Amino acid sequence: MRKIIEAYLAKLFEYNKKSAQYMEDLKANPHFRTREEIEREGPKSNRVAIPELKAGEVSVCTTPDLGNQMPLVLEKWYVKVGDKVNSGDVLCELGNEAVTIEFESFYNGKVIWICELKKGLVPGDELCKLEGI
């Protein structure tokens, strides 16, 4: 029984070390912010203004580069094709065994294409396409 407990504790602390390393890798990215930092910074008015999509103009949303991380998997969609979205709306959830992130829309527009669920993604892969309305 003691060996089982020791093995369990060793795995638990190994996971915590890996998790801490992943968090350090994320923090090395100048664009990474924790949920607490985002909440502390307040409303969207503090964000950099991004140009609006003109009617009929299409923007491709791509997988972010989180630095030296494992590939991400598209876990969940919060929108479907045809939905209207606003800048800041959460579009989908990406993750791997170390991290889970929510991906937000940069524009106001209509979703015209989405990537399939459970697909492994690398930085720059297309997640969805938005069309200005």
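A residue counts as buried when its relative accessible area is under 20%, as exposed when that area is over 50%, and as partly exposed in between (1.4 Å probe, protein chains only). The model described here is predicted: local features need pLDDT of at least 70, side-chain atom pairs count only at pLDDT 80 or more, and totals for chains, interfaces and linings use all residues. Residues are numbered from 1 along each chain as its sequence is written, and side-chain values use heavy atoms, with hydrogens and water left out.

The protein chain holds 2 helices and 8 strands, in the order α-α-β-β-β-β-β-β-β-β from the N terminus. These elements are DSSP runs numbered from the N terminus, helices being H or I of at least four residues and strands E of at least two. Of the chain's 133 residues, 26% are buried.

Contacts, meaning heavy atoms within 4.5 Å, can be sorted by separation in sequence. Among those between residues at least 6 apart, 61% join residues at least 24 apart.

The whole structure contains 2 salt bridges, a salt bridge being a side-chain nitrogen of Lys or Arg within 4 Å of a carboxyl oxygen of Asp or Glu. One of them joins the side chains of E75 and K118, at 2.9 Å from N to O. Because E75 lies in strand β2 (residues 72–77) and K118 in the loop between β6 (109–114) and β7 (120–121), the pair ties together parts that are 43 residues apart in sequence. E75 is partly exposed at 31% relative accessible area, whereas K118 is exposed at 57%.

D83 forms a salt bridge with K80, with 3.4 Å between the closest N and O atoms. D83 is partly exposed at 21% relative accessibility, and K80 is exposed at 53%.
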